[in-house]
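Here is a brisk report on the model shown below.

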Amino acid sequence: MATYVLRRTLQAIPILFGVAIISFAIVQLAPGSPIDRFRNPNVRPEVLQNLIRLYGLDQPWWDQLIKWLSTFPQVWREDAWGHSLFFYRPVRDIILERIPATLLLGGTALLVTIVVAIPIGILAAVKQYSIADKIITTFATIGYAIPSFLLGIYLLVLGAGILGIFPSFGMRTGGAGGGDPLDVAWHMVLPVSSLAIQQIAGWSRYVRAKMLEVLQQDYVRTARAKGLASNRVTYKHALRNALIPVITLFGLTLPGLLSGAVITETIFSWPGLGQLGVQAVETRDYPLVLAFVMVGAFGVVVGNLLADVLYGLADPRIKY
Amino acid sequence: MADRIDALEIDDIARQRREEADSLAEDVDRTPVRTYWQLVRRRFRQHRMAVIALFVLAILASYAILVPLITGDAYADPDIFKPDAPPEIFNEEGEFTFAILGYNEIGINLFARLAKAIQTSLTIALAAVVIILTIGILVGSIAGYFGGWIDNLLMRLVDIMLSMPALFIILMLVSFFGGGSMGIVIFAIAFTGWTTAARLVRAEFLSLREVDYVQAARALGAGPQRIILRHMLPPAMAPVVVAATLGIADSVIVEAALSFLGFGLPRSDASLGTMLNVAREFFFTDPTKVVYPGVMLMLIVLAASFLGDGLRDALDPRQRVEAK
């Protein structure tokens, strides 16, 4: 197991390296320069020259690339990820302070997904072709097809606009009483639902399919044949095997948590990583953009690794 | 005497046999011989939702093509006297106006603008999917056919692409290189989207490579180009067609999301995304503005995903459907 984790970690390095090269190339090839923002008749050319030297833009691109690649992994240093061209602060700190909000939103959405999707998926499978199954399957098909950002728009217009019950933006109310857990929870209702509904749809379809698959297997029939209680067979023998593949889904959902739901966070002005990323692209804050891509890629790599390791732990048939 | 009876009997038997054979032949004629495509059509028709979806998409497509053709530049022609005016089927002169859905906030005929918006969104999606298929099939077939280090190299590239936050990379490309042109939106969607098609084609090729008829073609001296194009690509196309259908849905969503955030097309261009972007200003004052582009987007995405499901079942030659 340890050697497997080590091998996978080593395999991740060239992938992250590749991501770094491609995103660096995009930024390098982009027309214009980050200092264009400062160009105006009031700024003397010497100041611009100083800025170019300060940001290292006078260096050839390979020197910039090597410098970036060599300092980026040194996360313990404050300036490892460079300085934001917009916030005038170390990129590392800006990203770190946004992570809690993103994790809160994504984590809650994931929790809601697990709590809702697994029971309704099981219900649909156990009572196949019943009315409950048809309702769940129809919901899942439609919910899976609606783009989550459109769902976000609908929820915003309905919950905050027409009904006027929920707050339309941010994470806490300004002023007195703002920011206590209940207030934050109130702000989370709409963004969490817009993230969770699509995931619930996808997960419940998957759980239903896996459960149906397992219920048809020989060992389940044997258990029933030897006279075990039907519920015991379903919820003890079948369920455990049906839930193992769900771990894969967990690993696929995880990276979305870290890089943030870019659009959902923007629609609801949620102060997380995703919203920061959009802002960084808008302001052409290259160091921040690059760091955001790397954090996102890191999330994918870790998510995949975690899913495979958990799968191995849960399923004794898998040997590394 | 005995000989005569024998001859008569033989005649009789011969006639019987002939009749039997004739009726058998008739039976054989009546049993239809179905080609692959007839079976595909039969299986597809049994998928009710997919048939409805195809119908819906056909209606949307003809709406998006015909209405802009007939109404000309009505989709970009504001009338300062008609902001948010209600539907008006006939104007003062009694002519048909096509303003079935009324006018938008600057007095543009909404029915015409919606048609143009669907046209733009579908054009972007189709163009992106064509590029995705071209790159995906090329990379996938090279990796799957040659295997070895070429396969390894290309698949690591796919791994790298899949590790990047796709939507964010699209945002970067469109924002840094864009200037709001349709071309860069198409390019950005294709840049991040080709990996699925490549993986599918590669997987099919890896299994097809070992199949007897491909081995036979190789033994007969066919070159890689002929084997790939004639023998391996056609049977590998089924999952690719399904992925392309779903890819259209994804591309429409991405374009809408981009333009909604203000990164894709400029607001003066009509697309489902830009219409949503305009509606964003009226979320709390006039929420009805979300309805038309939102519903159209949902219809396209739902229809494309049902169509994809139907095609998946219909194109799979391993599926057997009893004749009805």
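In this predicted model, helix 7 and helix 9 of chain B meet along a list of named residues. Helix 7 of chain B contributes B:V185, B:I189, B:G193, B:T196, B:A197, B:L200, B:V201, B:E204, B:F205 and B:L208. From helix 9 of chain B come B:M232, B:P235, B:A236, B:P239, B:V240, B:A243, B:G247, B:S251, B:V254, B:E255 and B:L258. By class, this contact holds 15 nonpolar, 4 polar and 2 charged residues.

Now the geometry. The axes of helix 7 (residues 182–208) and helix 9 of chain B come within 9 Å and cross at roughly 155°. The angle is over 145°, so helix 7 of chain B counts as roughly antiparallel to helix 9 of chain B. The crossing of helix 7 past helix 9 in chain B is right-handed.

Helix 9 of chain B also carries B:I248. Is B:I248 buried or exposed? B:I248 is buried, because 25 other C-beta atoms lie within 10 Å and the cut-off for burial is 20 or more. Leaving out residues up to four places away in sequence, B:I248 touches B:A125, B:L126, B:V129 and B:A304. B:D286 is 38 residues from B:I248 in sequence, and their C-alpha atoms are 30 Å apart.

Next, the interface. Here 29 residues of chain B are in contact with 35 residues of chain A. On the chain B side, four helices each supply at least two residues: helix 5 (148–163), helix 6 (166–177), helix 9 (224–261) and helix 11 (291–315). Which of them gives the largest share? That is helix 6 of chain B, with 8 residues. The side of chain B that touches chain A divides into 23 nonpolar, 4 polar and 2 charged residues.

One helix pair spans the two chains. Helix 6 (residues 148–162) of chain A packs with helix 11 of chain B at an angle of about 145°, with the axes 11 Å apart. Helix 6 of chain A passes helix 11 of chain B in a left-handed crossing. A:L150, A:I153 and A:Y154 of helix 6 of chain A make the contact with B:G294, B:L297 and B:M298 of helix 11 of chain B. By class, the contact has 5 nonpolar, 1 polar and no charged residues.

The table sets out the class make-up of these contacts.

| Helix 6 of chain A with helix 11 of chain B | 5 residues | 1 residue | no residues |

Chain A comes to 13 helices and 0 strands. Its C-alpha atoms fill a box of roughly 90 × 55 × 35 Å along the principal axes. Buried residues make up 35% of the 320 residues in chain A. Of the contacts in chain A between residues at least 6 apart in sequence, 69% join residues at least 24 apart.

A:I142 sits in helix 5 (residues 131–145) of chain A. A:I142 counts as partly exposed, because it has 13 C-beta neighbours inside 10 Å. A:I142 and A:Q198 are 56 residues apart along the chain, with their C-alpha atoms separated by 9.0 Å.

Last, confidence. The model scores ipTM 0.86 and pTM 0.84. Chain B averages a pLDDT of 84, and 90% of the residues score at least 70. Where pLDDT is low, the predicted coordinates should not be read in detail.

Technical notes. Residues numbered from 1 in each chain as written. Chains lettered and ligands numbered in written order. Predicted model: local features only at pLDDT ≥ 70, side-chain atom pairs only at ≥ 80, totals over all residues. Contact = placed C-beta atoms within 7 Å. Nonpolar A, V, L, I, M, F, W, Y, C, P; charged D, E, K, R; others polar. Buried ≥ 20, exposed ≤ 12 C-beta atoms within 10 Å, placed from the backbone. Axes fitted to C-alpha atoms, helices over the stretch in contact; angles between N-to-C directions. Parallel < 35°, antiparallel > 145°, perpendicular 65-115°, else oblique. Left-handed = near helix turned anticlockwise from the far one by under 90°. pLDDT = per-residue confidence, 0-100.
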